[in-house]
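Keep the viewer open as you read.

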Amino acid sequence: MARIVMKFGGTSVANLERIRNVARRVKAEVDRGNEVAVVVSAMSGETDRLVGFCREAATLYDAREYDAVVATGEQVTSGLLAIVLQSMGVPARSWHGWQMPIVTDGAHGAARIQSINTDEIISRMMTGQVAVCAGFQGLGPDNRITTLGRGGSDTSAVALAAALKADRCDIYTDVDGVYTTDPRIVPKARKLEKITYEEMLELASVGAKVLQTRSVELAMKEKVRVQVVSSFEDLPGTLVVDEDEIVEQELIAGVAYSRNEAKITLSRVPDRPGVVAAIFSPLADANVNVDMIVQNVSQENQTTDVTFTVPRTDLPRVLDVLEKHREDLGYEGLKSDDAVSKVTVVGVGMKSHAGVAQTMFKALADRGINIQVISTSEIKISILIAEEYTELAVRALHSAYGLDAAA
């Protein structure tokens with residue numbers, strides 16, 4: 001007997017027929033003798049609908065009331081799934097975030113889980129009852145409902161699996177696993193049997209949308225074995241596990257891309273200690289996530305150029321902040337470009353193999369693709385290129401690293 005957490009995303013519970021399909025999958029695990037807890041998202045499109053109501057009600061809405069509204073999507077789904085399971089003869093009970101409770105901090109709209117009390121759920125699971133938990137939500141320090149941010153149900157599931165000491169956390173979605181890249185761009189992309197936490201975290205952070213970044217961080221910290229599987233097909237999924245569990249480690253696990261990028265260059269910035277900190281401090285205060293950063297060699301006139309990237313959606317806000325601080329920063333020119341994309345290769349095999357970067361640069365040069373910015377870490381290389389070359393670059397790198405599936 002195993003203890004399993006099963007998480008189902010919005011497309012998996014989009015309507016009653018799909019909720020019945022989910023119930024059949026849950027029943028199959030129960031029939032195998034396993035103890036099961038289920039975490040569900042809101043029905044597909046429901047959270048967007050609720051967010052739209054809040055924005056229509058008031059431009060500057062109260063974040064506490066926003067959470068009270070948008071959390072209802074998961075509550076509806078959890079109740080409906082419990083009803084369907086009961087109709088199939090499976091003992092089930094729905095749980096909201098405040099009922100366990102899932103205790104979070106007070107950052108409404110982007111709360112972080114601090115603890116989960118699973119005593120009551122465990123006692124009921126041991127009697128055969130399925131716990132159907134509303135994802136994406138918790139209870140703040142002021143005893144009000146909080147939400148975890150978009151995609152937060154993944155984090156709810158991993159956190160619950162850690163608290164329950166579950167044998168596995170299965171993330172059911174509309175894809176049947178983690179692929180070496182987006183199959184819509186590269187039809188020869190391969191599904192991975194296993195991938196390390198570190199690789200999945202890097203892929204999630206640079207554009208792969210299979211799992212939410214925070215959920216992978218939590219899984220890595222708590223050593224929760226995560227499996228990504230399809231809600232609609234009975235196919236083997238992809239296990240996200242510790243590096244020690246993978247016997248034959250690939251050099252490169254995958255190629256990811258992100259079109260939500262914008263490049264900013266500040267020219268002739270005074271080259272003195274503290275000036276770079278002065279550039280990024282106001283951006284941090286504005287909650288802007290700065291990614292790739294390059295500073296040129298100092299020029300004869302004791303100035304330098306600083307180039308960095310930000311999410312494309314934040315570009316207007318970033319430009320406004322930099323213009324307001326222009327006199328303090330002392331830069332002469334400000335250029336921005338939102339027609340760029342980031343392409344990243346990820347693999348723990350980079351730690352012990354040379355020539356990974358050279359392979360990337362040659363593959364792109366052979367196709368006439370100019371690299372604008374380069375950023376590296378121990379297991380990834382990211383480049384910034386013109387957006388029009390995104391798909392060509394992904395296909396070229398996928399082939400260059402031998403990731404194409406056999407015909």
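Phe136 counts as buried, because its relative accessibility is 5%. Please keep in mind that this is a predicted model. Phe136 is found in the loop between strand 6 and strand 7 (137-139). Its backbone is worth a look too: Phe136 has a positive phi of about 75°, although it is not a glycine.

Asn287 also has a positive phi without being a glycine, here about 60°. You will find Asn287 in the loop between helix 9 (275-285) and strand 14 (293-295). Is Asn287 buried or exposed? Its relative accessible area is 67%, so Asn287 is exposed, the cut-off being over 50%.

### Other loop residues

Next comes the loop between strand 3 (92-95) and strand 4 (102-104), where His96 has its place. With a relative accessibility of 18%, His96 counts as buried, since the cut-off is under 20%. Which residues does His96 touch, leaving out those up to four places away in sequence? They are Gln75, Ser78, Ala134 and Gln137.

Pro101 lies in that loop between strand 3 and strand 4 as well. Met100 and Pro101 are joined by a cis peptide bond, with omega at about -5°.

Gln129 sits in the loop between helix 5 (119-125) and strand 6 (130-134). Its relative accessible area is 18%, so Gln129 is buried. Beyond residues up to four places away in sequence, Gln129 touches Val36, Pro91, Ala92, Arg93 and Arg124.

His325 belongs to the loop between helix 10 (315-324) and helix 11 (326-329). With a relative accessible area of 28%, His325 is partly exposed. Between the C-alpha atoms of His325 and Gln137 there are 38 Å, and the two residues are 188 residues apart along the chain.

| Residue | Relative accessible area | Class |
|---|---|---|
| Phe136 | 5% | buried |
| His96 | 18% | buried |
| Gln129 | 18% | buried |
| His325 | 28% | partly exposed |
| Asn287 | 67% | exposed |

In helix 2, the buried residues are Thr47, Leu50, Val51 and Cys54. Why do they lie on the same side of helix 2? They cover an arc of only 100° around the axis, and that puts them on the same side. What covers these buried residues includes helix 3 (63-70) and helix 4 (72-87).

Helix 7 (residues 197-205) is mostly covered, with 7 of its 9 residues buried. The buried residues of helix 7 are Tyr197, Glu199, Met200, Leu201, Glu202, Leu203 and Ala204.

### Empty spaces

Rolling a probe the size of a water molecule over the atoms shows where empty space is left. How many cavities of 30 Å³ or more does a search of the whole structure find? The search finds 1. The largest cavity holds about 30 Å³ of space. Its lining is made up of Val158, Tyr197, Leu211, Ser215, Val216, Ala219, Val226 and Val240. Helix 8 gives the largest share of the cavity lining, 3 residues. By class, the cavity lining has 7 nonpolar residues, 1 polar residue and no charged residues.

The second largest pocket has a volume of about 310 Å³. Of the 14 residues that line this pocket, the closest to its centre are Ile113, Thr155, Ala159, Leu218 and Lys221. Strand 5 (113-116), helix 6 (152-164) and helix 8 (213-222) are the elements that give two or more residues to the pocket lining. Which element provides the largest share of the lining of the second largest pocket? That is helix 8, with 5 residues. By class, the lining of this pocket has 6 nonpolar, 3 polar and 5 charged residues. Helix 8 therefore gives the largest share of the lining both in the largest cavity and in the second largest pocket.

How values were computed. Residues numbered from 1 in each chain as written. Predicted model: local features only at pLDDT ≥ 70, side-chain atom pairs only at ≥ 80, totals over all residues. Heavy atoms only, no water. Buried < 20%, exposed > 50% of the residue type's maximum accessible area, 1.4 Å probe, protein only. Helix = DSSP H or I, 4+ residues; strand = E, 2+ residues; numbered from the N terminus. Arc of directions from axis to C-beta. Contact = heavy atoms within 4.5 Å. 1 Å grid on protein atoms, 1.4 Å probe; cavity = no way out; pocket = protein on both sides within 12 Å on 5 of 7 lines; lining within 4 Å. Points joined across faces, edges and corners; volume = space filled by probe spheres on them. Nonpolar A, V, L, I, M, F, W, Y, C, P; charged D, E, K, R; others polar.
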